[in-house]
Amino acid sequence: MGVVQSKKKEAKANKSSNSFMQYNPSTTSSQHQTTSCSSHKKQQLVECDTISKKTSIYSTTSSKSSTPTPVVCTSSKNVISAYRNSNKPKTESAQYQETTLLNAHQSNSFFLPKDWDLKEYQYNLHFALKSLFGGNVTPAVAPKLKKGSRVVQMGTCSGPWIMDMATQYPQCFFTAVEVIPGSLQSLPSLPNIEFHRDKPIKDGLDFPDSSVDYVHFRSMGINIGVDKWPGLYKEIQRILKPDGIIRIEEIHHSPAGTVMIESFIETLRQILAEHNQDFDIAPKHGTILQENGFQIIEAKKKIVYYGGDDKLSEDLVIVILNGFEDLSAVLAPRLGLNVEDYRHRVEMIVAQCVKINAQMDWYSWVAKKSSDTSSITTASTTRTTTC
């Protein structure tokens, strides 16, 4: 998701006039708890590489049932039609169908961030991961950023990470590389940044041998074919200095909790496999790195919950929604949907994830160029139970 250019859209006029309840980040927790969450337990804070799991303050699920009510996917055309025909006599069946359509639209809007498709989600992603992992770099990376160090970012896109890093470490030199031709956007000029554009991975990396101190990847998993990773790692081995390092930040997006969510995710897994992409590559990077001559020196796994009432959860939900939007050209036809219905399907699935407080897992792998793999650090994760 991180390397695909974000597609921003203009807000539709009827969106602001819609009378349905919208998600409002400024609404206080006590207000939501008074209206819909009186039976929820207090939030629990959990340490040790895990984001605190919280019962969603936006949940409207009755305390009498622990099973979320399925939401019916619908298009805005059907909703508008329901309004237009509101004065016509209705049979009992027609009244039920209209109510279902309106409630589905209202439910999705209630659980999702308002105007999520108008945001520059690459910046949401950057600052969310910066907060999640405690900074732009981890303790294993920081010692490499000395005066004169050369840093390469693979998959720069709109450039929030490399611009932030170049400002934070003005004594280092940075190179932005975009692995998907045409995706690197125009960025402000800084004296310690250069750009490499439009060169496919299969043509190799345009750097001398043993010339780079640090290579950084972020959200590249589904943009690189499974068969391309060994060759790419071989090139990174070539350009890294002795004991040079590589860091990979990647999401494993496999929420569960309802049949609808799990069926949707399994369908995406199969579609991406047909395109030679591994939907579950994030937890596998450690093994792949070791198989290609790297030594793992740091591994972290962070759990984030969709229904968290903090900005971190909201920003990452925005990232996921926009990531699905960027994949619409591939996924919509395979799902048998037009673009509008595909968007409503995605909104429905993500809204259910927020409602049941599903989780997403973020991995950070740091490895050094070394033939010695005897010393391996593994991730330590503490999980919490649903409140």
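The crossing of helices α5 and α10 is left-handed, a term for a near helix turned anticlockwise from the far one by less than a right angle, with right-handed denoting clockwise. This is a predicted model, in which local features need pLDDT of at least 70, side-chain atom pairs count only at pLDDT 80 or more, and totals for chains, interfaces and linings use all residues. Residues are numbered from 1 along each chain as its sequence is written, and side-chain values use heavy atoms, with hydrogens and water left out.

**Exercise 1. Describe the packing of α5 against α10.**

Step 1. The axes of α5 (residues 121-132) and α10 come within 9 Å and cross at roughly 140°. Axes are lines fitted to C-alpha atoms, for helices over the stretch in contact, and angles run from 0 to 180 degrees between N-to-C directions. Helices (H or I, at least four residues) and strands (E, at least two) are DSSP runs, numbered from the N terminus.

Step 2. The angle makes α5 oblique to α10. Angles under 35 degrees count as roughly parallel, over 145 as roughly antiparallel, 65 to 115 as roughly perpendicular and the rest as oblique.

Step 3. From α5, the contact (heavy atoms within 4.5 Å) draws on Tyr121, Asn124, Leu125, Ala128 and Leu132. From α10 come Leu312, Asp315, Leu316, Ile318, Val319, Asn322, Gly323 and Asp326.

Step 4. By class, the contact of α5 with α10 has 8 nonpolar, 3 polar and 2 charged residues. Here Ala, Val, Leu, Ile, Met, Phe, Trp, Tyr, Cys and Pro count as nonpolar, Asp, Glu, Lys and Arg as charged, and the others, Gly among them, as polar.

**Exercise 2. Describe the packing of α10 against α12.**

Step 1. α10 (residues 311-326) and α12 (residues 339-356) have axes 10 Å apart and pack at an angle of about 155°. α10 is therefore roughly antiparallel to α12.

Step 2. The two helices α10 and α12 cross in a right-handed sense.

Step 3. In α10, Val317, Ile320, Leu321, Phe324 and Glu325 meet Tyr342, Arg343, Val346, Glu347, Val350 and Val354 of α12. These residues divide into 8 nonpolar, no polar and 3 charged.

**Exercise 3. Determine how α8 and α11 are oriented and which residues join them.**

Step 1. The axes of α8 (residues 259-274) and α11 (residues 328-335) cross at roughly 115° and come within 11 Å. α8 and α11 are therefore roughly perpendicular to each other.

Step 2. The crossing of α8 with α11 is right-handed.

Step 3. Phe264, Thr267, Leu268, Ile271 and Glu274 of α8 make the contact with Val330, Leu331, Arg334 and Leu335 of α11. The classes are 6 nonpolar, 1 polar and 2 charged.

**Exercise 4. Locate valine 151 and state whether it is buried or exposed.**

Step 1. Valine 151 lies in strand β1 (residues 150-154).

Step 2. Its relative accessibility is 1%, so valine 151 counts as buried. Buried means under 20% relative accessible area, exposed over 50%, and partly exposed in between (1.4 Å probe, protein chains only).

Step 3. Leaving out residues up to four places away in sequence, valine 151 touches Leu145, Trp161, Phe173, Phe174, Thr175 and Tyr214. The C-alpha atoms of valine 151 and cysteine 172 are separated by 7.3 Å, and these residues are 21 apart along the chain.

**Exercise 5. Identify the buried residues of α7 and their cover.**

Step 1. In α7 (residues 229-239), the buried residues are Trp229, Leu232, Tyr233, Glu235, Ile236, Gln237 and Ile239.

Step 2. Their cover includes β1, β4 (212-218), β5 (240-252), α9 (285-291), β6 (294-305) and β7 (359-369).
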